[in-house]
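The following note sets out points for a colleague who is about to examine this chain. Please read it alongside the sequence and the coordinates.

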Amino acid sequence: MKKFIMEPDFLELFPEAEIGILICEGIDSKVHDEEKYVPYLKEAMNAAKKHITNPEFAQNPVIAAWRDAFRKFKTKKGARCSIEAMLKRVSNGNEIGNIIPLVDIYNGVSLTYGVPVGGEDIDKFDGDVHLTLADGTEKFVTYGSDKSEPPYAGEVIYKDNGGAICRCWNWRESVRTMLTEDTKNAFMIIETTGGEEAGDMLDEAIKALAEEIQKNLGGTVKKYKASKASPEVVIEA
């Protein structure tokens, strides 16, 4: 049995954090039409503009909230939340390109709802997945690199027995567990730091992500929410 666990050290820093989780089984992640998600992403980029109405980029609520969160733990210089990176591209008039269907779908949901969304291949996990603070020894190799760059001690990471899965909470992911066209079973996550408004947005985003995956990629999709009150979710029986 594999589980996702929000650890006490993480919850001490972010006691109100809620994580939306989808367990997707038997999906088809292959690229059958390279242009299929181009209109979907364009629509999402237009929807994202409602999150960046303040000309002072850092003063927009989504950006400010995540920058505040990143100040609470050790981060690599220049590391930013994944949603900030995408909203910055939109703000600068740049496109969010298509990659593979599952990534395109979650990028669209992330842009539309202003929340960080990510995903990993369940079959590549080595044991349980922990949202925790790093001890600084975890192996981590990201896409486009051939060397390990371990997280800082005290950095918020996702990790399993094989090392770090994602650094600086949602900044960079490991190539070891990343989604590919061969992914059949996926672990999808949507993150918030907490609060009533964030909780409402999380519910909407979970629903939208589940519907898009089910409609386009098939398989089965199960929805969960992890929090301080319920910090564990079974990923694989």
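1. Overall dimensions. The chain has a radius of gyration of 17 Å, which agrees with the value near 18 Å that a compact globule of 237 residues would have. The radius is taken over C-alpha atoms, and the globule rule is 2.2 Å times the number of residues to the power 0.38. Along its principal axes, the C-alpha trace spans about 40 × 40 × 40 Å.

2. Basis of the note. This is a predicted model, in which local features need pLDDT of at least 70 and side-chain atom pairs count only at pLDDT 80 or more, whereas totals for chains, interfaces and linings use all residues. Residues are numbered from 1 along each chain as its sequence is written, and side-chain values use heavy atoms, with hydrogens and water left out.

3. Secondary structure and burial. The chain contains 6 helices and 10 strands; these are DSSP runs numbered from the N terminus, with helices (H or I) of at least four residues and strands (E) of at least two. Buried residues account for 49% of the 237 residues. Buried means under 20% relative accessible area, exposed means over 50%, and partly exposed lies in between (1.4 Å probe, protein chains only).

4. Salt bridges between elements. The whole structure holds 14 salt bridges, each defined as a side-chain nitrogen of Lys or Arg within 4 Å of a carboxyl oxygen of Asp or Glu. One of them joins Lys2 to Glu236, with the closest N and O atoms 3.6 Å apart. This pair links distant parts of the chain, as Lys2 belongs to strand β1 (residues 2–6) and Glu236 to strand β10 (residues 232–236), 234 residues apart. Lys2 is buried at 14% relative accessible area, while Glu236 is partly exposed at 27%.

5. A bridge between two helices. Glu84 and Arg67 form a salt bridge whose closest N and O atoms are 2.7 Å apart. Glu84 lies in helix α4 (residues 82–91) and Arg67 in helix α3 (residues 61–70), so the pair ties together parts that are 17 residues apart in sequence. Both Glu84 and Arg67 are buried.

6. Further charge pairs. Arg71 and Asp68 meet through their side chains in a salt bridge of 2.5 Å, N to O. Arg71 is exposed, with a relative accessible area of 60%, and Asp68 is partly exposed, at 44%.

7. Backbone points to check. Most residues other than glycine have a negative phi. Cys168, which is not a glycine, has a positive phi of about 45 degrees, and Trp169 likewise has a positive value, near 65 degrees. Cys168 sits in the loop between β6 (163–167) and β7 (172–173), and Trp169 is found in the loop between β6 and β7. Cys168 counts as buried because its relative accessibility is 0%; Trp169 also counts as buried, at 0%.

8. A negative surface patch. Which residues gather in a patch of negative charge on the surface? They are Asp33, Glu34, Glu35 and Glu181. Such patches are made of residues with over 30% relative accessible area and no salt bridge, like charges being joined within 9 Å. Asp33 lies in the loop between β2 (18–25) and α2 (38–48) and is partly exposed, with a relative accessible area of 43%.

Definitions and conventions. Patch = residues over 30% accessible without salt bridge, like charges linked within 9 Å, V, L, I, M, F, W, Y side chains within 5 Å. Areas by Shrake-Rupley, 256 points an atom, 1.4 Å probe, with all protein chains shown as cover. Lys, Arg positive; Asp, Glu negative; His and termini not counted. Charge placed at Lys NZ, Arg CZ, Asp CG, Glu CD.
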